[in-house]
Amino acid sequence: MNIEERIRNARLTKSERKVLNFIMIHKEEACYFTTAELAQVIQVSNTTVLRAANKLGYSKFSEFRKELQEEVLRLTNRSQSMLQSPELLQDVKRKSTKDIINQCSAIMFQNLHESLMKNTYDTYNAIADLILEARRVLIIGFRTAEGCVVFFGSLLKLTRGNVICLTNPGNISEELYDLNEKDLAIVISYPRYSENILISLDIIKKKKCRLVVMTDEIGSPIASHCDYVLMSGKNGISFFNSYVTMMANIEILLSLVSKKNFQDTEERLTEREEYLKRNKQY
């Protein structure tokens with residue numbers, strides 16, 4: 001049972017949950033803290049920190065810290081090594097079907113929790129405002145990001161006009177040629193970044209239009225010189241990146257935009273419903 005599963009199954013007090021929430025959000029740093037250091041940062045007693053570890057099944061805090069360090073190391077190695085898909089698949093081969101389901105669920109919740117804590121309310125609101133202020137919105141993503149682009153673009157078109165989805169690398173020069181400072185480009189991409197994404201970003205920056213990057217980390221190499229970075233955890237247990245958090249961030253943005261542009265969205269949806277009914281499309 002991994003740490004996230006232990007936390008979900010434990011009966012914790014409010015203070016103990018506060019300790020564990022802090023540790024899981026800041027695990028890269030917290031895994032090296034002593035009991036006293038954690039207690040001081042979180043502003044709880046040493047006993048609360050020890051009790052939180054005990055309730056997860058660890059007899060000593062040092063046991064919990066060691067396992068946390070090993071988990072951080074595994075995730076870091078996985079991210080930095082950029083293993084090929086066949087190599088990543090070997091992890092799945094060694095797991096039972098029950099382990100796959102449990103670990104998939106745990107890491108999805110972890111991705112969501114960590115990413116939603118890193119992205120501020122102000123960031124979401126500012127991006128929603130940019131979407132509504134732009135003359136045109138161009139959403140870009142290739143290969144596995146194509147599904148996110150199509151979902152985002154199709155629903156965004158129901159809240160405002162002039163939305164373009166770019167999923168075909170062959171159309172980069174044509175679609176980006178007319179961009180200017182009044183437009184907004186939203187780029188969706190995870191490592192390993194394709195050359196087409198890098199080419200797109202180079203053109204976007206030369207056109208001086210507004211830019212939002214949706215990727216895994218604020219330190220991502222594609223996030224430089226953009227207006228906003230929206231972080232979406234990508235860790236998974238198999239040979240592919242997880243897009244659960246990316247889709248969650250897209251849903252948040254769509255919900256904010258539809259609220260901010262309520263009247264136009266309502267009119268567009270009403271007209272769409274009339275068309276669907278007339279053509280018996282439900």
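**View 1. Tyrosine 190 and tyrosine 243, a buried pair.** Both tyrosine 190 and tyrosine 243 are buried, where buried means under 20% relative accessible area, exposed over 50% and partly exposed in between (1.4 Å probe, protein chains only). This is a predicted model, in which local features need pLDDT of at least 70 and side-chain atom pairs count only at pLDDT 80 or more, while totals for chains, interfaces and linings use all residues. Residues are numbered from 1 along each chain as its sequence is written, and side-chain values use heavy atoms, with hydrogens and water left out.

View 2. Tyr58 forms one aromatic cluster with Phe61 and Phe64. Rings of Phe, Tyr and Trp (its six-membered ring) pair if their centres lie within 6.5 Å; planes under 30 degrees apart count as stacked, over 60 as edge-to-face and the rest as tilted. That rule gives three aromatic pairs. Tyrosine 58 and phenylalanine 64 make a tilted pair, because their ring centres are 5.3 Å apart and their planes stand at 35 degrees. Tyrosine 58 has 5% relative accessibility, so this residue counts as buried; phenylalanine 64, at 1%, counts as buried too. Back at the pair of View 1, the rings of tyrosine 190 and tyrosine 243 have centres 4.9 Å apart and planes at 50 degrees, so this pair is tilted.

**View 3. Charges over rings.** A charge sits over a ring if NZ of Lys or CZ of Arg is within 6 Å of the ring centre and within 35 degrees of the ring normal. Here the charged end of arginine 6 is over the ring of tyrosine 58, 4.6 Å from its centre. Lysine 207 lies over the face of tyrosine 177, with 4.7 Å to the ring centre.

**View 4. Strand S4 and its two partners.** Strands (E, at least two residues) and helices (H or I, at least four) are DSSP runs, numbered from the N terminus. Five of the six residues of strand S4 (residues 210–215) are buried, so S4 is largely enclosed by the rest of the structure. Two strands pair if DSSP finds at least two bridges between them. S4 pairs with S3 in the parallel sense over five bridges, and alanine 185 has leucine 211 in S4 as its bridge partner. On to S5: four bridges join this strand to S4, and the two run parallel. There, valine 212 has tyrosine 228 in S5 as its bridge partner.
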